[in-house]
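Subject: Structure handover

Hello,

Here is the structure I said I would pass on. My notes on what was found follow below it.

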Amino acid sequence: LDPDYFLYFEDLDWCFRARKNGYRCMVHPVDAIYHKKSGTTGTSGSDKLSPTQAFFYARNGILFARKNLGGVSRAVFIVAQFSVKAVYSLLHMQSPRAALDYAKGLGAGLLPGGKWDRIAR
């Protein structure tokens, strides 16, 4: 998994790269892994986005598009990050700080290399 993602999109990126290299990604309907939703980001049991989640959802979506998509596909994906996904995320924010961190994540994703450490959190 690409460590540049830190949280979110790393599994999508991994599967996307696997498919580009001729592998198939499949779901086995019998096996199950149970994931305790949002335990790491401090919102366990909540459907609201914390500031940390908001930042990385925004930033990593942009990183994924920049890394794996080109042309029209990249443009559509990035525009969706700023519109459709932004509206959805704003409706599910835990606090006003989460909305600010979503905007910072978009900015960080657009920076060369998507280096999130360049934006004070």
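A residue counts as buried under 20% relative accessible area and as exposed over 50%, with partly exposed in between. By that rule Cys25 is partly exposed, because its relative accessible area is 37%. Please keep in mind that this is a predicted model.

Overall layout

The protein has 5 helices and 0 strands. Read from the N terminus, its elements follow the order α-α-α-α-α. Of the 121 residues in the protein, 33% are buried. The exposed surface comes to about 7800 Å², and carbon and sulfur atoms supply 63% of that area. Taking the contacts between residues at least 6 apart in sequence, 63% join residues at least 24 apart.

Cysteines

How many disulfides does a search of the whole structure find? The search finds 0. A disulfide is a covalent bond between the sulfur atoms of two cysteines. For Cys15, the closest cysteine sulfur is in Cys25, at 3.7 Å, which is too far for a bond; the cut-off for a disulfide is within 2.5 Å.

Aromatic rings

The structure holds 6 aromatic pairs. One of them joins Tyr8 and Tyr57: the ring centres are 4.3 Å apart and the planes stand at 40°, so this pair is tilted. Planes under 30 degrees apart would count as stacked and over 60 as edge-to-face. Where do the two tyrosines sit? Tyr8 is in the segment before α1 (10–20), while Tyr57 belongs to helix α2 (residues 51–68), so the pair ties together parts that are 49 residues apart in sequence. Tyr57 is partly exposed, because its relative accessibility is 24%.

Another pair is formed by Phe9 and Phe64, with ring centres 6.1 Å apart and planes at 40°, so it is tilted. Phe9 lies in the segment before α1 and Phe64 in helix α2, so this pair ties together parts that are 55 residues apart in sequence. Are these two residues buried or exposed? Both Phe9 and Phe64 are buried. Ring pairs also link Phe9 and Phe64 with Phe16 and Phe77 into a cluster.

Regards

Terms used. Residues are numbered from 1 along each chain as its sequence is written. This is a predicted model: local features need pLDDT of at least 70, side-chain atom pairs count only at pLDDT 80 or more; totals for chains, interfaces and linings use all residues. Side-chain values use heavy atoms; hydrogens and water are left out. Rings of Phe, Tyr and Trp (its six-membered ring) pair if their centres lie within 6.5 Å; planes under 30 degrees apart count as stacked, over 60 as edge-to-face and the rest as tilted. Helices (H or I, at least four residues) and strands (E, at least two) are DSSP runs, numbered from the N terminus. Buried means under 20% relative accessible area, exposed over 50%, partly exposed in between (1.4 Å probe, protein chains only). Contact means heavy atoms within 4.5 Å. Accessible areas come from the Shrake-Rupley method with a 1.4 Å probe; for residues, only the protein chains shown count as cover.
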